[in-house]
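Good morning, colleagues. Please look at the model on the screen while I go through several of its local features.

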Amino acid sequence: MEGSANLNVMIKAARMAGRSLVKDFREVENLQVSMKGAGDFVSKADIAAEKIIRDILMEARPNYGWLAEEGGEAEGKDPTRRWIVDPLDGTTNFLHGLPHWAISIALEHKGEIVAGVIYDAAKDEMFMAEKGEGAWLNQSRLRVSARGRMIESLFATGLPFGGRADLPETLQDLARILPGCAGIRRLGAAALDMAYVAAGRYDGFWERGLHPWDLAAGIVIVREAGGFVEPINPQGSALADGEIVASNEAIFEKFSGLVRNS
């Protein structure tokens, strides 16, 4: 895939940060970790990766805005464009030595995500997409699954932890969806869940209580792979609300109806 200058600098930033994270991941037991909240940790590796990404992206596009998990938000001289970055999605997996975590970088233009990169550095899988240019995994074109029956479909979601208030709602979701599907997975990295929908590994994904940096890159990657992505509240905004439902076209109406309880 030959991407635009913006996509290429996103890929470069993801790879450079990935090298740093993989090195730290090999020595995960030595990481100095501080608690940021119940079940939510931040490490030196996380902060270092964000600095690498920010330095590369802002050097290439100094006028763009910035929104990231650790570094907060900064408006750029160009108010129509901003980077949305999660330097380490799946921090808890990372800190427990589980090789399922990713770097997520998105470019937003006038409120729309126009490019996204999700890099699974532990497996060297680079998921990427630009609006109108399709979605890719390394050099292979991505396409969502073609499964049309819920009972054959595999889904992914997140499960509330650390006393989060949305546990009852999630349990109700599971009660509606589990009896009529092939299974539900909870692997702990929302960005990779969305990338796996784009790759046809999952047939659908939904989750509440997310942040813009968890979702942004995945939105354009799933859509460019032929999938449907909507906020759980049809009148809402996925990025603003932190709630999302995504799947292939064939099951979207049924699946989203179950998530929405409609």
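Strand β5 covers residues 81–89 and contains D86; strands here are DSSP E runs of at least two residues, helices are H or I runs of at least four, and both are numbered from the N terminus. This is a predicted model, in which local features need pLDDT of at least 70 and side-chain atom pairs count only at pLDDT 80 or more, while totals for chains, interfaces and linings use all residues. Residues are numbered from 1 along each chain as its sequence is written, and side-chain values use heavy atoms, with hydrogens and water left out.

Is D86 buried or exposed? D86 is buried, at a relative accessible area of 1%; buried means under 20%, exposed over 50% and partly exposed in between, with a 1.4 Å probe and protein chains only. Beyond its neighbours within four places in sequence, D86 is in contact (heavy atoms within 4.5 Å) with E69, A102, I103, S104, W213 and D214. Of these, I103 is 17 residues from D86 in sequence, with 6.0 Å between the C-alpha atoms.

I turn to two loop residues. Most residues other than glycine have a negative phi. K110, in the loop between β6 (102–109) and β7, has a positive phi near 55°, and K110 is exposed, with 65% relative accessible area. D124, in the loop between β7 and β8 (125–130), also has a positive phi, of about 55°; at 40% relative accessibility D124 is partly exposed.

Next, the second largest pocket. A pocket is an open set of points on a 1 Å grid over the protein atoms alone, where a 1.4 Å probe fits, with protein on both sides within 12 Å along at least five of seven lines; lining residues have an atom within 4 Å of a point. This pocket has 15 lining residues, and G111, E112, I113, I219 and R223 lie nearest its centre. Two or more lining residues come from each of β7 (112–120), α6 (212–224), β14 (228–230) and α7 (238–241). The most come from α6, which gives 4.
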